[in-house]
Every structure is written in C-alpha cells, then in structure tokens.
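Please examine the sequence and the model shown here.

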Amino acid sequence: MTHTAHFKVWRGDTDGGDLRDYEVEVNDGEVVLDIIHRLQATQAADLAVRWNCKAGKCGSCSAEVNGRPRLMCMTRMSVFEPDETVTVTPLRAFPVIRDLVTDVSFNYDKARQVPAFVPPKGVPAGEYRMQQVDVERSQEFRKCIECFLCQDTCHVVRDHEENKAAFAGPRFLMRIAELDMHPLDAAADQGLVRAASAQEDHGLGYCNITKCCTEVCPEHIQITDNALIPLKERAIDRKYDPLVWLGSRIRRRKE
Amino acid sequence: MATGTTPTTPAARGVLAPGRAAISARHLRTDRWWLSPLVTAVALTIFIIYATWRAFANGDYYSTPYVSPLYSPCLASNCTPMNGGADWHLFGSWWGLSPALLVLVFPLGFRLTCYYYRKAYYRGFWASPPACAVAEPHAKYTGETRLPLIMQNVHRYFFYLALPVAGILTYDVVLAFRDESGAWGHAGLGTLVLLLNIALIWAYTLSCHSCRHIIGGKLRHFSAHPVRYRLWGWVGALNGRHMLLAWSSLISVGVADLYVYLVASGVFDDPRFF
C-alpha cells in the first residue's frame, strides 16, 4: 500500500528557520528516515540530516517526531494515521547547525568530565576476572548507543540552558553509576568517591526522577530505576546517612 | 533561508533559547500528553481531601474487630478502646486532636518522599515537567539540590519507619480473625478488605527503591553475598511494579478506611463468612 503523507520538516540554521510543508509518498514498512531520504531525493536535495546505520544501533538519526524525541530509523510510519501530519524537527535541547542536524558537543564535554575506570592495583591488564552476577547490572548500561535522546528530553537542560554547566545529564550519570557498580573499579583507592562526586560535581541533585530519559531510550535501558535512583541512594549513603558513614568508618568496608 | 522566527529576546529560555532551532511552539506533541498528569493530580487530590477529612474526623474508625488503617496504632488517651488492638496511649491525655495525626505523618512522609510519588506530583502538580518534551513553565530550576527538596533524601528513614507501621497493621489484620467477643475463627468481608490492604501495603513498602538499595543494591560484589543477591532480585521484581503498587495500596488504604467507617457508623453490617 502506498499513500501520500503530509510532512512538516524544520528547515533552517543558526540564523533562523521554519517548518516547511511537504507531500511525500509513503510505502508499507517504511520508517520516518526513509521518508526524509525520499524528500532529499525528490524535493529537498539540500536537506541536512545525520544518519548512518538505519538499524537503531548507531544513534545518529535522533530527532523529534511529532514533538517526541525519537530515532527516525526506528519510528515506523505505520504508527501514524495516513492523514496525520508528521512533524520532524531537530533535537530542541541542543544548538542547531542546519535543518535536522544539531551540535551535540555538550555531550562530549560531559563525557570527558567523567573520570575513567581506575584499574585495580596489582592486577595486570588481561588478568581481570569478574563474575557475571557482578557485572550484569553494568552491562545493561553498556547497551547505550549514545543517541542522546535522554539528554535531549531531560527538562533540567532542555528547559534551562543555565543548568548545562552543572548537570551531566542522564546518560553520563548512568556512566558514573556503571563505574560505581563496577566490581574492579579502584577509584575509591585514589580518593574518588564516585557517588558523592555525582552529587557534588555532576549535578545528580538536579534530577527529579521524572523518568523522561527512560521513556525515550530506544534501547529500553531502565535509566531511572537502575542507574539514577541507585546512584542517588549511593550518594545518600555517603552524604546523608550517618549510620552508613559510621559503619564504613568502623569496618572500612569496601562494598 | 527563512528568517524572522529566531527568538532573541532576553526572556527566551529553554527550547526558545538562542542557538536552538527557531520554533515558536513550546512543544509539538500531538498526543494527549496532558491526560496522565491530569489524572494523577485529580486522583491524588481526591485522596488527599478524603484522607484529611478522615484524619481530622476522630470518629467511626473502630468497629470490633476492625480498625481503620488511618488510626492504627492509636497513641493517645482519646482513642476508642480497641479489644486487644494497638491502642497504646503513649502520648497520654494532653493530646486533644485526632490520634490519627500522630501516626499518619509516617506513611505520609514515606509516600511523599517515594521516588514514584515524586515523579507523579512533580509532573501532576508542579509541571516540572508536565510531560516529556513539553516545556515546563518555570523560569528557574534547581531540582533536589537545595532546601526544601533536598530533604527528599530522607526517604530511607521513612522506609525504616514504615516497617513497624506495616507490622502493626498486620497485627490488626490478625485480630480481625476474632469475632466481637474476642473468639478466634471469625472472618467477615472486613477481614478480607484489611487482608488485601495489608498485602498491598507490604508489597508497596518492600518494592521501595530504598529497600532495594539497602537489601543488596549497594553491594558491588553480588557473588560474595548470594542471599542478599537473591533478595535483591525479589525486591527488584516488586520494584518494577512500584507505580502499580503505589496506586493500588493507596486505593486499598482508602477503601479499608471507608469500609470501617461505613460499618462503624452503622450504614451496614459486616457480612460474615464464618
């Protein structure tokens, strides 16, 4: 089955822009990215769009479709009514470059601010041994494809540009949680308490756990329940729970 | 390139901030995104009004052998005598208000700082955000970084306090298997209502994110703590239904109180199974 769909696509750059109307052919089984490519091929040869794998694994084609942050390659046209207008805009939390392409360097800056894995002393590379039950929590977070939809939808920075300096965003707080749960990470031996640092240096307290990051994650990672809330609880252990603090001082627990 | 729509005014913020795609609409969602926060706000408001009325009513909360979950334990001398129940007059006679107020602060604090309810009321009442990718109306946002919202971090202490309260409500349910004279072997519709209520309260309490952390989530080596790992898995399974349990236990508390109120005020007699 083929039908003609009405698309509104944001066209513009840093100087301004607007939503432009297009009538475009849609075939069974197609996704929004297919339609954007058809627009490029037939009506808007200079339409800028970032894409790569078309399989939901590279995280390149992030955009907002009918106001919802989504991967264009994973948004099937069949979810829309044939007479429904489909509006496609760039990610609205980041500076636009042109058309559907945004400057996501905010995320790379934040990534660099997260201290890397600290290898344990006395264990040479290649000799790391971990049990599956100890790493499976972190493995969920490793599914992240860095599409930055969670960063885009998080109201802390989406609605408040001024918070970008202080807030790492869900993707990188999840990275801190991943490292804090890592069975071999030895950051604490160097004086880095990752959970406390998440609160003090990466803006964990800005998160009010409204779960939009989880809602938009194309990998279905339970960012809020499995990363952000556990990280908040770990920060509470270190900063707000005198019982845990006392216990750790007495027993010098490494857990 | 089309121009003239770039927001450059000092008031422009959020999605309208300079540098971002120049789109005048604060959101472009076409679905009924407003429905969920609206339903949440209405439902919570109804419960708050009902619970406030009942908490201050100071009457019709005990009908042998049933006690309303809003009034147990009953800690003041002005409590209705409960046959073997948790009417412990710890606060003596100086307390002149409803005894429910002495106890409700604990479950109230537990639910107020609960990670699920925080999401619900931040969205439903404070529109922060009202829905995903829908711009919030506030000019500034500091989240839970400072007072008063930094106090949300006390949730685990309310979890600790919620445990004995749930234990006492369990005791009340056990007593509901006695008849009016105190003889065991009774069950009425009220027993069933209280039993269902306490099951949901325990499920909600144990599905708490703080419980999940305390029971095992804080560990880095599950392999060294197999029992806690197993418990963590069970609590995690419950935790995945935390929203469902939060709502169902809230409704069950209201229904259990309403049932006791109707029986105590003589609207109908408790149907007896045996």
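## A strand arrangement in chain A

A:V65 stands opposite A:R68 in β4(A). This is a predicted model, in which local features need pLDDT of at least 70, side-chain atom pairs count only at pLDDT 80 or more, and totals for chains, interfaces and linings use all residues. Residues are numbered from 1 along each chain as its sequence is written, while chains are lettered from A and ligands numbered from 1 in the order in which they are written.

Strand β3 (residues 62–65) of chain A pairs with strand β4 (residues 68–71) of chain A in the antiparallel sense, over four bridges. Strands here are DSSP runs of E with at least two residues, helices are runs of H or I with at least four residues, and both are numbered from the N terminus; two strands pair if DSSP finds at least two bridges between them. β3(A) and β4(A) form a hairpin with two residues between them, and A:N66 in the turn has a positive phi of about 50°. β3(A) also pairs in the antiparallel sense with strand β5 (residues 85–89) of chain A, over two bridges. In β5(A), A:V88 stands opposite A:V65.

## Domains of chain A

Chain A is assigned domain 1 (2–102) and domain 2 (105–251), with bounds that come from an automatic or database domain assignment. The centres of domain 1 and domain 2 of chain A, taken over C-alpha atoms, are separated by 32 Å.

Between these domains, 12 residues of domain 1 of chain A are in contact with 13 residues of domain 2 of chain A; contact means that the C-beta atoms of two residues, placed from the backbone, lie within 7 Å. The side of domain 1 of chain A that touches domain 2 of chain A has seven nonpolar, three polar and two charged residues. In this classification, Ala, Val, Leu, Ile, Met, Phe, Trp, Tyr, Cys and Pro count as nonpolar, Asp, Glu, Lys and Arg as charged, and the others, Gly among them, as polar.

## The interface between the chains

In chain B, 49 residues are in contact with 52 residues of chain A. The helices α3 (115–124), α6 (209–217) and α7 (226–239) of chain B each supply at least two residues of the side that touches chain A. α3(B) gives the most to this side of chain B, with five residues. By class, the side of chain B that touches chain A has 19 nonpolar, 19 polar and 11 charged residues.

## Helix α4 of chain B

Helix α4 (residues 155–175) of chain B has 21 residues and reaches 30 Å from its first C-alpha to its last, close to the 30 Å expected at 1.5 Å a residue; the expected span is 1.5 Å times one less than the number of residues. The buried residues of α4(B) pack against α9 (223–239) of chain A together with β2 (66–67), α2 (100–112), α5 (189–206) and α6 of chain B.

B:H155 lies in α4 of chain B and counts as buried because it has 25 C-beta neighbours inside 10 Å. A residue is buried if 20 or more other C-beta atoms lie within 10 Å of its own, exposed if 12 or fewer, and partly exposed in between, with C-beta atoms placed from the backbone. Leaving aside neighbours within four places in sequence, B:H155 is in contact with B:T113, B:C114 and B:S210. B:H155 and B:F110 are 45 residues apart in sequence and 6.3 Å apart in space, C-alpha to C-alpha.
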